[in-house]
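I opened this entry to keep track of what I looked up. The notes follow the order in which I checked things.

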Amino acid sequence: MPLFNQSIRRKIVGIALGLIVLMLVTSILSMVMSSKVGILLDELTNRYIPAYGHLARANVRSLERALALRRMVMTRMQSPTDEEAYAARLHEFEVTDRRIEEEAEGARKLINAIIDDPRTPSDNAALARIEIRIETAVTDLRRDLDQDRATLLKQVDAKQMAEARTTLEHIDGVRDQFNQKIDAIRTDMLAQVFFSTSQVIGHQRQAIIVSGIVTLLAAIVGFVFALLVSSGITRPVRLLLAGTREVEAGRFDKTIAVSTQDEIGELAAAFNRMIEQLRHNERIRETFGRYIDPKVVQGLIDRPEVAIDGERRVMTIMFCDMSGFTSMSEGMTPRGLVKVMNHYFTVMSGPIRSNRGIIDKYIGDAIMAYWGPPFIEEDEQALLAGLSAIDMAEQVPALQKQLPDLLGIRAMPAPCDLRIGIATGEVLTGSIGSELMMSFTVMGDAVNLASRLEAANKVYGTRILIAQATAEAIGAKLELREIDRLAVVGQSAPQAIFEVMSRAGALTAAQQELRKHYAEGLAAYRACRFDDARVAFNAALESSPGDGPARTLLARIAEFEACPPAPDWDGAWRMDSK
């Protein structure tokens with residue numbers, strides 16, 4: 001009996017070794033060939049065919065554009081003119097006009113993606129020519145149609161109907177030329193689609209043949225193996241097969257009962273551990289897949305309960321706003337404004353990220369960011385926020401020079417500058433949003449205070465204002481100047497606010513004199529010694545002409561001379577909700 005068992009064991013081991021070799025060969029060949037076929041199919045379905053679809057829709061959009069133009073002209077020709085209907089037709093025309101370029105740009109992006117992908121065989125030279133032809137066709141269309149459209153509207157407004165009909169005929173001719181060009185490009189693109197399809201079919205046929213041969217060999221050996229394997233082994237194997245199908249279907253809630261102590265039993269235990277890991281990974285994906293900033297995911301990956309339940313922490317909040325944005329935006333085209341804002345956010349986000357801050361959101365032209373655990377240590381968050389603000393302020397001169405060049409103009413319609421408010425305090429951190437979209441953000445009085453300090457810069461003529469708690473955390477690591485005592489909406493007790501002047505030890509002699517005289521004037525102002533305060537603030541202005549806080553408090557002293565403060569005045573300025 002032991003001899004029989006030994007013989008059976010050797011047979012099983014030999015057959016198993018053969019199966020392992022065949023499985024490895026099958027897996028490697030299948031992975032390699034399936035990978036090639038998958039890449040080719042992906043390129044065909046996600047690039048070639050969509051690119052061809054974009055070109056086809058470009059033809060349709062050109063016809064829709066022509067129809068929209070005629071509707072607009074007919075509306076304009078009515079007497080009396082219905083301006084509201086004309087505006088609607090004009091909007092419809094402009095939307096349709098943009099769609100032509102969007103479809104062409106979509107086709108070009110997909111073609112460039114095919115050219116840039118080295119994994120798939122493609123006629124890159126032919127594709128490059130197609131891409132250039134698309135760009136040329138759209139450019140020619142835009143040049144001709146913009147001029148003809150302007151001419152047509154002038155003729156319609158002047159009731160020159162004969163000339164308008166001639167212009168419309170010319171526009172139709174330009175459209176027909178564009179459609180002919182796109183038709184020719186589509187024909188060439190279709191040839192490239194057929195070429196890619198043939199590549200997919202060839203690789204797929206080859207993969208089927210090789211996989212069929214190897215699978216046949218595996219089936220023969222597997223049949224022999226099945227004859228020799230007892231029911232005690234086949235049962236856990238069937239359980240493993242059922243569990244694998246559950247995983248394939250995306251269900252990770254079933255585990256396999258381990259009924260043997262052999263290798264099959266170990267395999268079942270390993271499968272159960274894999275299921276547990278897959279469940280864990282699925283929870284991580286659902287929890288953190290909504291977040292954008294990599295540091296948020298990295299900082300919370302080990303503590304998902306913080307994202308779910310929320311947590312109270314001391315954090316430092318920053319609000320940064322672009323001054324003069326409203327007047328600047330009124331003088332720009334939408335495209336120019338988008339270009340300016342994108343460049344502004346890029347330049348100003350760099351110092352925040354380089355100083356390990358988390359950008360929470362962009363609100364109009366404002367940036368909200370925060371520093372604090374679990375991303376950085378609590379004792380360094382205020383300093384990093386202050387350094388970020390200094391770095392951002394240092395970017396302003398270069399930004400003011402770059403924006404006109406970016407827009408192709410000599411000077412900006414309105415000067416741009418920064419207003420930054422920073423506050424430190426206890427906030428609630430956690431995931432806020434809906435089941436479909438969530439954001440890891442912060443909420444609390446410190447957030448409101450930082451926003452109010454950013455707005456207070458406009459009152460004091462400063463760039464960077466920080467709260468008292470932030471100033472205390474920074475200490476002597478930055479050069480600060482106490483500006484005033486401020487009470488914002490929602491807070492009953494006023495607190496001191498400070499201006500960040502520079503890095504430690506970087507003050508000029510004039511700035512040192514300014515800080516000294518201003519401190520003297522502030523002390524006299526709070527003691528209601530307004531004559532002494534006026535003298536000190538004027539001395540501060542002599543050290544630094546144009547200093548905003550000194551001018552602000554001088555103006556406030558002038559108001560107090562006309563209307564003295566109440567006897568219980570605490571020397572604080574109360575900021576209203578505006």
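I looked up Cys 528 and found a relative accessibility of 41%, so Cys 528 counts as partly exposed (between 20%, under which is buried, and 50%, over which is exposed; 1.4 Å probe, protein chains only). The model is predicted: local features need pLDDT of at least 70, side-chain atom pairs count only at pLDDT 80 or more, and totals for chains, interfaces and linings use all residues. Residues are numbered from 1 along each chain as its sequence is written, and side-chain values use heavy atoms, without hydrogens and water.

I placed Cys 528 in the loop between H15 and helix H16 (530–543) (helices are DSSP runs, H or I, of at least four residues, and strands, E, of at least two, numbered from the N terminus). Its phi is near 65°, positive although Cys 528 is not glycine. Most residues other than glycine have a negative phi.

I then noted Arg 356, where phi is also positive, near 65°. Arg 356 sits in the loop between helix H10 (334–354) and strand E2 (358–363). With a relative accessible area of 38%, Arg 356 is partly exposed.

Last, I checked Val 32. Which helix holds Val 32? I found Val 32 in helix H1 (residues 2–77). At 43% relative accessibility, Val 32 is partly exposed.
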